[in-house]
Amino acid sequence: SHEPSSLTEEQQAAIEEQQHFNEIIGAYHYYPTYARKRLQRSESHYHDLSPRHQKLILGMDQKFDQWGIAIEANASFIRNLINDVNIFQNQEAVSPERTVRPSSFNMEKVKSTIRQIAREWSIEGQNERSITFGIILKELKETVPLNEPYSAKVLSPGSGLGRLPFEICKLGYASQGNEFSYFMLLAGSFILNEINTADEYTIYPFIHQISNVIETNDQFRPVTVPDVLPSTLPRGADFSYTAGDFMEVYGGQTDEWDAVCTCFFLDTAKNVINYIETIFDILKPGGRWINYGPLLYHYADMPHEKSIELSYEQVKHIILETGFTISKETFQKTPYTDNPKSMMSTVFNAIFISAQKPL
């Protein structure tokens, strides 16, 4: 029997959720300190060089000045972003005086979120979006007809900062995004709800890529966001967003959606079979599943996390066994949060699948 003081599972989960949220806000708060410390480290290494070697290096003082300015611009953007945390009504705001140093994992997440903002909501990310989102949008238009605006319902799970469901809504579909990561939810909510003019903010997404730089200034090139204003959707547009784990939010639904679009999502599963079966269940008979992305399993090497890593051959077998008919299947190369001016690029040979649930 429980002690009177013991917490229910739900209360314990709520406490852990609040703690997780606080850690993420804490990581965002810590960003300026983190970034300045990294700059100071580079400055001190430079000043430790012999005067002769210092003289040989072009433009270091100017580089450090630019770096400092870029950090402050990113910090200002993040301050605005976390000013608005109370939209997550269950969560209490966290005081900025937090002094606990966040985990390096969470700091990497802050940096990757800044790059993700450029990928989804700047001109700089347009080339990448035209590949990753373009292939999905084209297939959606071809396979899911609209009798009238917002007559077909489309879900995009794991939709990050919301650009894909935004573009789907622009085509006239009733569009819902879903995201689990608080890093993404906070930044996405800020962009979708709080920004009033296009190109309102200038950020510097590449300042933390300190290796493989071609021209010194490349590291400090600014990117303005957002390239389009989310509020430009027509009045009456059917656009919504849910926060939470895909399985928990949609696991109970059946025959609900005309299409499900998954972009760089399948590999976020601990068990991809759950995702595939849930997508099948929530689609209406005759509904369309469009998928594009790699199989870089997120939980593969995380301590204390279960993870099933399957080959594409195994995944395809499960898709067919679940009941889907695959009408299109191609591999297409795509960069991811790419820095086109870097000497290094991550390119995935991602799988594109268009599949249908039987009528």
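How many bridges join strand 1 to strand 2, and do they run parallel or antiparallel? Five bridges do the joining, and the two strands run parallel. Keep in mind that this is a predicted model. Here's a quick tour, starting with the whole chain and then coming back to that strand pair.

**Overall build**
- The protein chain has 10 helices and nine strands.
- Its radius of gyration is 22 Å, close to the 21 Å that the globule rule gives for 359 residues, so the chain is as compact as a globular protein of that length.
- Along the principal axes, the C-alpha atoms fill a box of roughly 75 × 60 × 45 Å.

**Inside and contacts**
- Buried residues account for 48% of the 359 in the chain.
- Take the contacts between residues at least 6 apart in sequence: 76% of these join residues at least 24 apart.

**Surface and charge**
- The chain carries 31 positive and 45 negative charges, and the mean positions of the two sets sit 8 Å apart.

**Strands 1 and 2**
- Strand 1 covers residues 153-157, while strand 2 covers residues 174-179.
- Strand 2 is mostly covered, with six of its six residues buried.
- Ala-174, Gln-176 and Asn-178 point one way from strand 2, Ser-175, Gly-177 and Glu-179 point the other way, and all are buried.

Definitions and conventions:
Residues are numbered from 1 along each chain as its sequence is written. This is a predicted model: local features need pLDDT of at least 70, side-chain atom pairs count only at pLDDT 80 or more; totals for chains, interfaces and linings use all residues. Side-chain values use heavy atoms; hydrogens and water are left out. Helices (H or I, at least four residues) and strands (E, at least two) are DSSP runs, numbered from the N terminus. The radius of gyration is taken over C-alpha atoms; the globule rule is 2.2 Å times the number of residues to the power 0.38. Buried means under 20% relative accessible area, exposed over 50%, partly exposed in between (1.4 Å probe, protein chains only). Contact means heavy atoms within 4.5 Å. Lys and Arg count as positive and Asp and Glu as negative; His and the chain ends are not counted. The place of a charge is taken as NZ of Lys, CZ of Arg, CG of Asp or CD of Glu. Two strands pair if DSSP finds at least two bridges between them.
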